[in-house]
Amino acid sequence: MKEFARRMVGIDRRVIFLLIAGAVLLPLVKPFGLPIKVSPEVKAVYDYIEALPERSVFLLSFDFDPSSKPELEPQAVALLRHAFRKNLRVMGMTHWLTGTGLADGVFSKVAAEMEKERGKDYVFLGWSPGGGSLIIAMGQDLYKAFPSDYSKTPTPGMPVLDGVRNLRDVDYMVSLAAGSSGIEMWYVFGKDKYRFEMAGGSTGVIAPGLYPFLRSGQINGLIGGLQGAAEYETLITQKGTATAGMDAQSAAHFVIIILVLLCNVFYFMLRGEKGRPS
Amino acid sequence: MIFLKRQLPLIITFVMGVAFTLQYYIPHPISEEAITNVSKWMQIISGFALFLGLASLFHVHAVKIKRQVPGWGYSLVLYAGMLGTIAVGFWSHGETRVAGAQTSFGWLYDYTMVPLQGTMFSILAFFIASAAYRAFRARSREASVLLASAVIVMMGRVPLGQFLVPWTWDVTQCLLNVLNSAVRRAILIGVSMGAVALSLKIILGIERSYLGGGRDQ
Amino acid sequence: MPELTTATILGAWVAAGLTLFIYSFLYKDNPLFKLGEHLYVGISVGYSVVLVWHTVFLRLLWEPLRKSVSEAPALLESYILLIPAILGVLMLVRFIPRIAWLSRIAFAFVVGFGSGVAIPRTVSALILKQIEDTVNPLITMGANGLSMGLDLASPQSGVNTIILLIGVVSVLFYFFFSVEHTGPGMVTARMGVYFVMIAFGAAFGYTVMSRMSLLIGRFSDLIKFSGAEYGYATLILLAVTVLTLIGWEALVRQKGQGV
């Protein structure tokens, strides 16, 4: 038994790689479809958008790049579908240079699906450098921060931006963030002074760090990772890539849990021997 | 000359720092106009700053190619990728989509940059599993607590875990909203105090590393 | 399903190929991975250059400056954007050793502004608001008089507020190294350690979730590109990658034996 444990502890890591690959691949090919439970923090975002009157101004900031696409793109798609369904005026932008094409692609795809018109129902402002300075600039004068949108159309006079001078005129804002240039920055440089309501959508890596903001009411809701996106898809009753990926997520988690438990079983089996196992 | 090289930058930092700290508390139109204009300037200056980082990358790989160090062929690949993308980008006027149709620049972005960047980070999933198997051991009470917390959250955040062990959902919610929040809040307060202290040191000229070194700092 | 264009099918082959090249690293570091890695850096830099040029120089600087100067050439205010332009150029002279000191002026401007705006906002948003929520009242006045929430499932209940307060104080104390952790201090610090372990365990669980999601995203694309409409791109390229790795491994072993 101890020999077996010793061999298992020193197993080639490529075996583990194959296990993970299998755990992710099989449910994607043959899904088992378990129900998704909705958390209060995701429901809070949904309820707020649901309660917004038509033609309210909704700002969606795509603060991520292709490395976080699988987690945050489904969130963006679900939020945009909901916002367009509610006939809100949607403004999009990004703080992340390499995420610009991705954000524009999402907007184009969902807007075409929901038959929304650029310039009238939505505008994608694109990327601009500056981080906190950009948010301050938008808070002071949106048209100075973004004199034109991503497709080079001048922003002053756009029907979708009618009555919007700066961030104080935004009714609701969601930042989809993959790192430090995201939710925290939007709160510190944006909501703190310009007083718009906001929520966050984040990758799983940074989600635990955002719970203090959720608790204190600095953000009114939080959509965390692929699970959060799947919950939002459940709420808008339109399944997408997030829901499709949750079975694979479940399988992968269970494989990791089994691996961790096995590693501890083998560790305790070998612990009695002289010298610690490597 | 010493004044221009050393004192002037420190004076500028001090004046800008104090002015824009006070600006937050002064709602006068002149104050608001100042921050509107200067924040716009910062956007433009940040763009120039990006070129600094890009230029150093150019330089590093140019040296590798010039000296023909082992692996310099890959630096050529990097240059080819970079120059090719720049050429295609300028040809498409920097746009990935025109009237809903994808441009060549958009094609390059969607089918090379997105998969490459996505795959680079997704590969970590394999390494996290391997590392968890090798190193995640309950060697002590603290490690056992960490292990238990991780297992509960991993189960509670997926449908299969919620289905098989329903209480993990509620425990995960409590864990995140209370226990995790407490720790994160403490860390946030501590880090923020440090950031404020550092900002004060910069404004007062005690911290000068941003000036870039040199004897006359 | 709409018919796929040649560009889309070609794109699928390129995307699948590059994805598999990067995943070949799981076997070991090899030329295919290095090729993908360097291509990634090169394309990212190229994309950044194009976007910075069109956004910063054209959209934010050149066009507004040209418009303001053409509308009111006599007004000094029309030339105001020359100030950030000059500061930006000063930043770039860092590469010319003789006048590199000029870049300090630009950095001083940027760093001074950044530090100045950060202080009040950080104090307000990240310190005061967080402390405010930590010291919430435990007893509330409701329709039935005074009450204290004892529901562990409710984050805002009285009992959870106490737990939160104890957690924040003990963790802050644990990280405060200027005072020795002895006596009651040791108890507080130990409590802080356990809180930290719980939080880090939760962070690990979420990190696993996040990384697996990224993998799911890539595998979803690979599965999509393995279909007949894409010419079985994934399957063919997987075979090509495996054969290339086998060939490379054989070559390396041969070279090793030859030495």
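How many residues of chain A are in contact with chain C? In this predicted model, 43 residues of chain A touch 38 residues of chain C.

## Where chain A meets chain C

Several elements of chain A build this side. Helix H2 (13–29), helix H4 (69–85), strand S3 (122–127) and helix H6 (132–140) each supply at least two residues. So do helix H8 (183–194), helix H9 (211–215), helix H10 (225–235) and helix H11 (241–271) of chain A. Which of them gives the largest share? H11(A) does, with 7 residues. By class, the side of chain A that touches chain C has 22 nonpolar, 16 polar and 5 charged residues.

## Two domains in chain A

Chain A is divided into two domains. Domain 1 is written in two pieces, 2–30 and 246–271. Domain 2 covers 40–239. The centres of domain 1 and domain 2 of chain A, taken over C-alpha atoms, are separated by 38 Å.

## The sheet of chain A

Chain A also holds an open sheet of 6 strands. Read across the sheet, the order is S3-S2-S1-S4-S5-S6 (chain A), and the pairing is parallel. S3 and strand S6 (222–224) of chain A stand at the edges. Each has a single partner strand, so one side of each lacks a neighbour in the sheet. On average, neighbouring strands of this sheet are turned by 15 degrees against each other, direction ignored.

Strand S2 (residues 89–94) of chain A runs parallel to S3(A), and 4 bridges join the two. Within this pair, Thr94(A) stands opposite Trp127(A) in S3(A).

Helices pack on the sheet as well. H4(A) is one of them. H4(A) touches strand S1 (57–63), S2, strand S4 (172–177), strand S5 (197–202) and S6 of chain A. The direction of H4(A) makes about 170 degrees with that of S1(A). H10(A) packs on the sheet too, touching S5 and S6 of chain A. Its direction makes about 120 degrees with that of S6(A).

Two packed helices are described by the angle between their axes and the distance between the axes.

| Helix pair | Axis distance | Angle |
|---|---|---|
| H4(B) and H1(C) | within 9 Å | roughly 20 degrees |
| H10(A) and H11(A) | within 8 Å | roughly 135 degrees |
| H3(C) and H4(C) | 7 Å | about 120 degrees |

The axes of helix H4 (residues 104–122) of chain B and helix H1 (residues 6–23) of chain C cross at roughly 20 degrees. That angle makes H4(B) roughly parallel to H1(C). The crossing is right-handed. On the H4(B) side, the contact includes Trp107(B), Tyr111(B) and Leu116(B). On the H1(C) side, it includes Val14(C), Leu18(C) and Tyr23(C). By class, the contact of H4(B) with H1(C) has 11 nonpolar, 4 polar and 1 charged residues.

Next comes a pair inside chain A. The axes of H10(A) and H11(A) cross at roughly 135 degrees. H10(A) is therefore oblique to H11(A). H10(A) passes H11(A) in a left-handed crossing. Which residues of H10(A) meet H11(A)? They are Leu226(A), Gln227(A), Ala229(A), Ala230(A) and Glu233(A). Their partners in H11(A) are Ala242(A), Thr243(A), Gly245(A), Met246(A) and Gln249(A). The contact of H10(A) with H11(A) has 5 nonpolar, 4 polar and 1 charged residues.

The last pair lies in chain C. Helix H3 (residues 82–92) and helix H4 (residues 103–134) of chain C pack at an angle of about 120 degrees. This makes H3(C) oblique to H4(C). Their crossing is left-handed. Leu87(C), Leu90(C) and Met91(C) of H3(C) make the contact with H4(C) residues, among them Ile105(C) and Phe109(C). The contact of H3(C) with H4(C) has 7 nonpolar, 1 polar and no charged residues.

## Where chain B meets chain C

Between chains B and C, 100 residues of chain B are in contact with 102 residues of chain C. Elements giving two or more residues to the chain B side include helix H1 (2–23), helix H2 (29–67) and helix H8 (167–203) of chain B. H8(B) gives the most, with 24 residues. The residues of the side of chain B that touches chain C divide into 69 nonpolar, 24 polar and 7 charged.

Technical notes
Residues are numbered from 1 along each chain as its sequence is written. Chains are lettered from A and ligands numbered from 1 in the order in which they are written. This is a predicted model: local features need pLDDT of at least 70, side-chain atom pairs count only at pLDDT 80 or more; totals for chains, interfaces and linings use all residues. Domain bounds come from an automatic or database domain assignment. Two residues are in contact if their C-beta atoms, placed from the backbone, lie within 7 Å. Ala, Val, Leu, Ile, Met, Phe, Trp, Tyr, Cys and Pro count as nonpolar, Asp, Glu, Lys and Arg as charged, and the others, Gly among them, as polar. Two strands pair if DSSP finds at least two bridges between them. Axes are lines fitted to C-alpha atoms, for helices over the stretch in contact, and angles run from 0 to 180 degrees between N-to-C directions. Angles under 35 degrees count as roughly parallel, over 145 as roughly antiparallel, 65 to 115 as roughly perpendicular and the rest as oblique. A crossing is left-handed if the near helix is turned anticlockwise from the far one by less than a right angle, and right-handed if clockwise.
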